[in-house]
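Hello,

Here is the structure for your files. My notes on it follow below.

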Amino acid sequence: MELADRNSLRRVSGLSTELADITEVEYRRLRLERVVLVGVWTEGDAQHAEDSLAELGRLAETAGSEVLEGLVQRRDRPDPSTYVGSGKVRELREVVVATGADTVICDGELSPGQLRQLEDKLKVKVIDRTALILDIFAQHASSKEGKAQVELAQLQYLLPRLRGWGEAMSRQAGGRAGGASGGVGTRGPGETKLETDRRRIHKRISKLRKEIAAMRTVRGTKRGRREANGVPGVAIAGYTNAGKSSLLNALTGAGVLVEDALFATLDPTTRRADTPDGRPHTLTDTVGFVRHLPHQLVEAFRSTLEEVTGADLLVHVVDGAEQAPHEQVAAVREVLGEIAEEHGAPVPPELLVVNKIDSVGATRIAELRRLLPGAVFVSAQSGQGVEALREIIADRLPRPEVFVDALVPYTRGELVARVHSEGELVDEEHTAEGTRLRAKVRSDLASALKPFVGAG
């Protein structure tokens, strides 16, 4: 249903929105925003720069834009005033005019000064990679927590980039500072709209942080309850559009939204699953990663990403159809390492899972086995390799460690049921006094069985 809602307003191809006779009627043409991409290649080879710009193009299309052209400039570092050199800015202006573009998207984070200079010279809207990703997150956030996290990230990004237009936005002082003793250049209209906006944004950021902290407490309580019950947790992480939600659906039948788009799902989903030998565990689908993930998003989605550090096993999903999967793996590991270091907790043991093998040939699979040794190869869409993955997950999950030999009276049938569901039963015998159990169980269940150990 979520996918149906998202697709409920789509343009129907073949139906013209333009009028044939426009002599007396003003008309507007319904179309996607037309964008030109520009990047600065500072390190790596040319292929790396082109891959980064191609990813920016997919991000732009996900946001609802039509990509017209892409330009890359080789420089030691971005120009401090205009991101690209002055000659490339003139060339970019010519491309914008020739293609009729509305927007220029830069493959990097622009400073407020670079943003202002580029818009002055190009005469069209200019945004950077961070603003583009934030726009996609704003479109796809559906839960209260997701919306609050996205709004916090957007406000943190917007705050240093507030700009005023004309006299109404003057930052001159008022009151006594603007009186006779204020001096030349200090007399003005008092607190201005720009300063008022800054204060309102600061207040809103403070309120959102409190709300997210409260939501983090709720999430931590739920996670603590699962840990108290001894239910092992598996976190599914990986690059955006690698197929994490599809894999969660294949393993649990969760019915999570699946769409061939970047950042299609933002809200974490936790589902219960059972290993082939009947042990319960949880699977959590987390938010996707991307190259140069904006630090505002990492901070805002920290409570969501904490699900990874609290897991017993990390299933790292990799898109097998990508040209450079090892670069995506490195990008994900870098962010997870930062979060784990901040919380003083190690990253859980990692299981690499290469997805979408049904879309690549045998030669490519052999190459991926060499690039990613120890990885499991699956296709969440066709189901190929999913059963083998279930068995490997079961083998990697922590097992009960305490061996007990207990005679449980028939009046305590709930303990017998817990041994069956939570432990590894070695032997069971029904006697006149009760049920004789030999099993491996967790420490909390072993404590509950202690009064009956050695009885009979």
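Helix 2 (residues 46-62) packs against helix 5 (residues 129-140) at an angle of about 35°, and their axes are 9 Å apart. Helices here are DSSP runs of H or I with at least four residues, strands are runs of E with at least two, and both are numbered from the N terminus. Axes are lines fitted to C-alpha atoms, for helices over the stretch in contact, and angles run from 0 to 180 degrees between N-to-C directions. The crossing of helix 2 and helix 5 is left-handed, that is, the near helix is turned anticlockwise from the far one by less than a right angle (clockwise would be right-handed). On the helix 2 side the residues in contact (heavy atoms within 4.5 Å) are S52, E55, L56, L59, A60 and T62, which meet R129, L132, I133, I136, Q139 and H140 in helix 5. By class, the contact of helix 2 with helix 5 has 6 nonpolar, 4 polar and 2 charged residues. Ala, Val, Leu, Ile, Met, Phe, Trp, Tyr, Cys and Pro count as nonpolar, Asp, Glu, Lys and Arg as charged, and the others, Gly among them, as polar.

This is a predicted model, in which local features need pLDDT of at least 70 and side-chain atom pairs count only at pLDDT 80 or more, while totals for chains, interfaces and linings use all residues. Residues are numbered from 1 along each chain as its sequence is written, and side-chain values use heavy atoms, with hydrogens and water left out.

Helix 5 also packs against helix 6 (residues 144-158), at about 155° and with the axes 10 Å apart. That makes helix 5 roughly antiparallel to helix 6 (over 145 degrees; under 35 is roughly parallel, 65 to 115 roughly perpendicular and the rest oblique). This crossing, too, is left-handed. T130, A131, L134, F137 and A138 in helix 5 meet V150, A153, Q154 and Y157 in helix 6. The contact of helix 5 with helix 6 has 7 nonpolar, 2 polar and no charged residues.

Strand 1 (residues 33-41) runs parallel to strand 2 and is joined to it by 9 bridges; V36 stands opposite E69 in strand 2.

Q117 lies in helix 4 and is partly exposed, with a relative accessible area of 34%. Buried means under 20% relative accessible area, exposed over 50%, and partly exposed in between (1.4 Å probe, protein chains only). Q117 touches S81 and T82, not counting residues up to four places away in sequence.

K123, in the loop between helix 4 and strand 4, has a phi near 65°, a positive value in a residue other than glycine. At 60% relative accessibility, K123 counts as exposed.

Regards

Technical notes: Pairing = 2+ DSSP bridges.
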